[in-house]
Amino acid sequence: PCTDTNSCGCGVINVDRTCNTEDIDDNTSACEPGGGVTEIHSLFLTHSGTALTCETFPVTVTACADASCTPIILSSGEVVVEIGTQSTTANFNDSSSTTVSFDLTSLGSYSLSVGDVTGITTTNAPQFSPSNQVTAVDTALRFSGEQTQLSGADFTLGLEAIRTDTDTGACVAAFNATKVFEFSLTCEDPTACTESVNIDGTPVNSSTAVDVDFINGSGSLTANYPDVGRIRIQASAQG
């Protein structure tokens, strides 16, 4: 049996593994499975919550060591991920997370779930973010550039308008002109805002109209938030 997890490469908690006798004779430190399974806290499935019918929908599966989902590296293991009538296998191979994709080409609501699990045992039910529900749509707006920014400094927000072509099923631009958008601001942490977010020079708080120029379905916005904290910007348009 492996007694030195560092030299044997068995650095995964609660895993039953034995050293390869032939490798030991060769003065190497390889290990091979000893017939056991890896015990972890839970599996955490993350996704956007909205699937476009014209593109694949990714779901990331992470192995969690605890309730806050500290990632744990698995040497192996398989998880069947199911959504609607589709299923695919997520394979762990010396990794803490892996991503699978689905083709949700029909509009509607779908439930995400975990099927058979091989080489892994969990002590808690799977976790989902934002939930185990997925909505498939044929038009969507997508932000980019919304990562952490410096308060009081201008930053660029990209905004893409996408739709599914009814003839080809491919993703195409939804807008190619100036469109009036309604932007709104929600404060998440803290829950109350003392400032507005500026979008293209217009202060946005509850609901504010802003003209956005689109070229091939893409627009660019200059934003600025003078305070600190986590905020959510929402956008909507007719068309």
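**Surface, a buried threonine and salt bridges**

Trainee: How much accessible surface does the chain have, and what share of it belongs to carbon and sulfur atoms?

Mentor: The accessible surface of the chain comes to about 13100 Å², and 45% of that belongs to carbon and sulfur atoms (Shrake-Rupley method, 1.4 Å probe, with only the protein chains shown counting as cover for residues). Keep in mind that this is a predicted model, in which local features need pLDDT of at least 70 and side-chain atom pairs count only at pLDDT 80 or more, while totals for chains, interfaces and linings use all residues. Residues are numbered from 1 along each chain as its sequence is written, and side-chain values use heavy atoms, with hydrogens and water left out.

Trainee: OK, and what share of the residues is buried?

Mentor: Of the chain's 239 residues, 32% count as buried (under 20% relative accessible area, with exposed over 50% and partly exposed in between, using a 1.4 Å probe and protein chains only).

Trainee: How many helices and strands are there?

Mentor: The chain holds two helices and 22 strands (DSSP runs numbered from the N terminus, helices being H or I with at least four residues and strands E with at least two).

Trainee: What share of the contacts comes from residues 24 or more positions apart?

Mentor: Counting the contacts in the chain with a separation of 6 or more, 61% are between residues 24 or more positions apart (a contact means heavy atoms within 4.5 Å).

Trainee: Switching to Thr-62, where does it sit, and is it buried or exposed?

Mentor: Thr-62 belongs to strand E6, which covers residues 57-64, and it counts as buried because its relative accessibility is 13%.

Trainee: Which residues does Thr-62 touch, leaving aside its neighbours within four places in sequence?

Mentor: With those neighbours set aside, Thr-62 is in contact with Ser-42, Leu-43, Phe-44, Cys-69, Pro-71, Phe-92, Ser-96 and Ser-97.

Trainee: New topic: how many salt bridges turn up in the whole structure?

Mentor: Searching the whole structure gives three salt bridges (a side-chain nitrogen of Lys or Arg within 4 Å of a carboxyl oxygen of Asp or Glu). One of them joins Glu-55 to Arg-142, with the closest N and O atoms 2.4 Å apart.

Trainee: Why does the pair of Glu-55 and Arg-142 tie together separate parts?

Mentor: Glu-55 is in the loop between E5 and E6 whereas Arg-142 is in strand E14, so their pairing ties together parts that lie 87 residues apart in sequence. Glu-55 counts as partly exposed at 28% relative accessibility, and Arg-142 is also partly exposed, with a relative accessible area of 35%.

Trainee: What does Arg-230 pair with?

Mentor: Arg-230 forms a salt bridge with Glu-188, and the closest N and O atoms are 3.1 Å apart. Glu-188 lies in strand E17 (residues 178-189) and Arg-230 in strand E22, so this pair ties together parts 42 residues apart in sequence. Glu-188 counts as partly exposed at 26% relative accessibility, as does Arg-230 at 48%.

Trainee: And Arg-232, which partner does it have?

Mentor: Arg-232 forms a salt bridge with Glu-188, where the closest N and O atoms are 2.7 Å apart. That pair links distant parts of the chain, 44 residues apart, with Arg-232 in strand E22 and Glu-188 in strand E17. Arg-232 is partly exposed, its relative accessible area being 42%.
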